[in-house]
Amino acid sequence: MNKQRLSFLLNKYRLNTICPEEYAEFLTQVNLLSDKELKEFFNIEWDQFISSSSSDLYGEVHDEILMSINNRTGHGFEKKRFMFSNNYIIRIAASLVIFLFLGLAVNMYIDKKTLCFSLKNEISVNAGKGEKATVTLPDGSVVKLNSESQLTYQQNFGLDNRQVFFLGEGYFKVKKNPKKEFIVMTKSVKVRVTGTTFNLSCYDRCDQVQMALIEGSVMISALQFPEKEYKVSPNQKAIFDKKSGVLHIENSLNEFDTAWVKTKLTFHSEPLKNVLSLVGRKYGFSIKLEDYTLLNERYTGCFDSENIDDVLSILTKHFKFKYQIRKNTIFISN
Amino acid sequence: MEKKILQEVKRGTYNSFIVLYKNWSPRLYSFIFSLVKSKEITQDILQETFVTLWTHRASIDTERSLKSYLFTISYHLVLKEFKYKVCHPRMSEYIELSSELNLSENTTDNKIDFDDFLEKLEYAKKKLTPKQKEVFTLIKECNYSVAYVANKLGVNEQTARNHLATAIKTLRKELREYLSLFLLFF
């Protein structure tokens, strides 16, 4: 095949001036050529085309292509518009963020208000009859509640001060914090401590409020005139008589007072009246005495049982009385 | 001058790349179109060629001419399309029609789109009588011989030839109208 002939036909094909016969010839030749040979012909044609410089005018179509190229190479007008829209998005985002913060602020304000409100909420823990409960306060202090006791504190406990309201009998193990004193308010006395362990008994039905100190030191004062504050040392006991309004301190073996915590009751020649009342309180029974002669008896001993029947059977052997349990009441007769 | 621009493009000056594009795109466009005969494909190849040139700017050998670069990049894209077009059964008619229009319009460069041509051809075929259409389709598009088609349709060869001739005449007339309008407006 003549190279010149093929070049001639290619040129005619390009210019759409090829006649059907020539076209048939051209087609056969093209199909015979390899890609490499074809490339050569194309290259010659390209060189001739450029040198003849029959240049077209730069037109709209070329601008369209340029725009696509700009977009694809990341230099386009589209890109700028995108950046503008990006800026726009940032503005929207910024205003949204402002609204968000505003909303958050309002929300937090309301939250704080409800929090302040809820701080005034009182939390109270009750131990029912015959029950015991253990409360760990937010500051880490532990209070064990004996039966029929109630510990109340505000939700903001530990924020400004550590104050609890107490009724019944409790064993307080107060975490040491010299900056914030721990105050126990009862109906008749106020106990002020920084970090100690003590037992407080202030049942409504009892005439006495007893505070037995195990370790540390405690300031105790009556809530009625004269509001004198007494300092109590370990192995001492503060007793407040509700009727006379007298508060006095006496030495005491506090094992008796804290016996209930250990589920063990210990008595050292204790009047039977006390023994029975303690036993009743520990196991959650009211005790009714039908024979008052028993009250003069004293008892020394130790009960280490979870069962009231065991305790009562020991007492009956000592004092030869009879007992009956009806509901929550123990009737004792001779 | 061109070498300087090419060096700038290699360094990453996009403005120089645009200058380069504006200098070369009309010529490259014409050349590619003359081979692939389709505007859409020409635009795609042109776009692809320049994008490739830019993305591979780092490996440009500034001693080589831009002319050869553009050819090398666009060639393999052109070749595939060229091979497809050159074998197309309608290409011969397209060229015939184009050459006629070229003469009448006296344009140096032919810009009739082959895709448009095919589309208009289908449209023009609606103007044919069913018999003409059948003869035209069988002979021109399915490449059957006139004798075979005449035999199949139960007419003599001369009648078949007449049908074909009228069909082509009608199509030419229709196409010329469409395409010259097309040339005027596009």
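A: A:Arg205 counts as exposed, at 51% relative accessibility; the limits are over 50% for exposed and under 20% for buried, with partly exposed in between, for a 1.4 Å probe and protein chains only. The model is a predicted one, in which local features need pLDDT of at least 70 and side-chain atom pairs count only at pLDDT 80 or more, while totals for chains, interfaces and linings use all residues, and side-chain values use heavy atoms, with hydrogens and water left out. Residues are numbered from 1 along each chain as its sequence is written, and chains are lettered from A and ligands numbered from 1 in the order in which they are written.

A:Arg205 forms a salt bridge with A:Glu148, and the closest N and O atoms are 3.2 Å apart. The term stands for a side-chain nitrogen of Lys or Arg within 4 Å of a carboxyl oxygen of Asp or Glu. This pair links distant parts of the chain, 57 residues apart: A:Glu148 lies in the loop between strand S3 (142-145) and strand S4 (149-154) of chain A, and A:Arg205 in the loop between strand S8 (197-202) and strand S9 (208-215) of chain A. Helices (H or I, at least four residues) and strands (E, at least two) are DSSP runs, numbered from the N terminus. A:Glu148 is partly exposed, with a relative accessible area of 36%.

Over all chains, the structure holds 18 salt bridges. One of them joins A:Lys12 to A:Glu22, with the closest N and O atoms 3.0 Å apart. Here too distant parts of the chain are linked, since A:Lys12 belongs to helix H1 and A:Glu22 to helix H2 of chain A, 10 residues apart. A:Glu22 is buried, its relative accessible area being 12%.

In chain B, B:Glu157 pairs with B:Arg161 in a salt bridge whose closest N and O atoms are 3.1 Å apart. Both residues lie in helix H9 (residues 157-185) of chain B, four residues apart, about one turn of the helix. B:Glu157 is partly exposed at a relative accessible area of 36%, and B:Arg161 is partly exposed at 41%. In chain A, salt bridges that share partners join A:Glu181, A:Arg192 and A:Glu229 into one network.

Salt bridges also occur between the chains. Between chain B and chain A the count is three. One of these is formed by B:Glu48 and A:Arg72, the closest N and O atoms being 3.1 Å apart. Helix H2 (14-36), helix H3 (39-55), helix H4 (66-86) and helix H5 (91-105) of chain B are the elements that give two or more residues to the side of chain B that touches chain A. H2(B) provides the largest share of that side, 15 residues.
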